[in-house]
Amino acid sequence: MMQKWNRKRTHFPLLAVLFSLFIAASIFYNERNIQQIHEDNKQQQSSITHTSLLASAPPKTSGANDQKRALASLDRFTTCASTRKYSGKKTGLTDRTMESSRRGGTPESCNLFSGKWAFDNTSYPLYNESHCPYMSDQLACRKHGRTDLRYQTWRWQPHNCNLKRWNTTEMWEKLRGKRLMFVGDSLNRGQWISMVCLLQSAIPPEKRSMSPNAPLTIFKAEEYNASVEFYWAPLLVESNSDDPVNHRLADRIIRPDSVLKHAAQWENADILVFNTYLWWRQGPVKLLWSSEENGICEELDGLGAMELAMETWAEWVASKVNPTIKRVFFVTMSPTHLWSREWKPESEGNCYQENTPIEVEGYWGSGSDLPTMRMVKNVLGKLGPKVSVVNITRLSEYRKDGHPSIYRKFWETFSPQQLSNPTSYSDCIHWCLPGVPDVWNELLFNLL
């Protein structure tokens, strides 16, 4: 028996070596495949086959400073070596750059953003949730159990005029040969999904495509030589939260003076729709300036940090945008409805089980921050005709009924205590589709 065991044991090292070699080869092979998939995805996103429409220029590196910034890109592993108080430093040549673009705009005969919601179950919803193959589980409220569907059937009615009714074919003609790109956070991504759902039914399945989910996700319509795209940049400037999936971090770190990385993605779009807001309301922000070589961060409150980022973004708009060629829109803050006592005194809920809009004209809740609105108005005012404002805030304030609350797919597992109290895990930030973001896109349709 011992002799037999010894004979078996002599083969063991050889088998172990062969097995190790097999594992190593498999890992190498898989890593090469994964790398190739990423490279193919990047090529698919950057070398889209449409002619002048989707030709993507490489990032501009005009000098050593640009190259230095590119080498020091932030990611979710970035940390600060130390943190000090904000020094008062401002971003670049913002004022001087924007001064040249200050011109008065033409007064509008009608304020599209002042009005009321009218129940209209004849004209709305503009599409069926289940008929849009690109619908997000985070926004598909009917699919996830919401039975009251009145949130889909409200029409925005301006006081002194009418919104031009949505027309899918006319919108595609506006987009013919163009790239429409939404840039921002998950609320802007919701508006992008709304736009895709509004448009996709007019395109035969074999003539439309959606690129894999990534920082830049692209819906293409072949016969119009057009695309509707979303680019994840929740803080507009470069940050450690620029990964569209892994961005829940303890510290928010930004480069307040740099949009180079993001601008390389958005600069060739014909129509740009930007937003940013909620991510600045999550506590102090750490600033890591491009000129800082030792990893020392400065700390600033969210509003101050947002102003620096907005000024850097505005500098890019002022210096790079020709409004006769490129259209730039900025969507104002999307309000939250976290405290029902603001519209229903002495109640202790939120948007959960709300099924009608707020009827008090002029209502303003804590989900919209007036100092932030004033700052944004000041920055955008310096850009004159180079940017058009889509003021969704007041009209969305009325729609406490339009949020997913518990009727969405949640990634986290809830405790028994939460499940026994649905209000505790309600999403009162994002919006059900079809719903409020469709009206935002109707406003965009009217402004184009």
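Helices (H or I, at least four residues) and strands (E, at least two) are DSSP runs, numbered from the N terminus. The model is predicted: local features need pLDDT of at least 70, side-chain atom pairs count only at pLDDT 80 or more, and totals for chains, interfaces and linings use all residues. Residues are numbered from 1 along each chain as its sequence is written, and side-chain values use heavy atoms, without hydrogens and water.

**Exercise 1.** State how many helices and strands the protein has, and what share of it is buried (under 20% relative accessible area, 1.4 Å probe, protein chains only; exposed is over 50%, partly exposed in between).

Solution. The protein has 11 helices and 13 strands. Of its 448 residues, 49% count as buried.

**Exercise 2.** Describe how helix 5 and helix 11 pack.

Solution. Step one: take the axes, which are lines fitted to C-alpha atoms over the stretch in contact, with angles from 0 to 180 degrees between N-to-C directions. Helix 5 (residues 186-199) and helix 11 (residues 436-447) have axes that come within 9 Å and cross at roughly 75°. Step two: classify. The helices are therefore roughly perpendicular (65 to 115 degrees). Step three: list the contact (heavy atoms within 4.5 Å). Helix 5 contributes L187, G190, Q191, S194, M195 and L198, while helix 11 contributes P437, D438, W440, N441 and L444.

**Exercise 3.** Find which residues of helix 8 are buried and which are exposed.

Solution. Helix 8 spans residues 370-381. T372, M373, M375, V376, V379 and L380 are buried. Seen down the axis, these buried residues fall within an arc of 165° (directions from the helix axis to the C-beta atoms), so they line one face of helix 8. On the other side, R374, K377 and G381 are exposed.

Conventions:
Parallel < 35°, antiparallel > 145°, perpendicular 65-115°, else oblique. Expected span 1.5 Å × (residues − 1).
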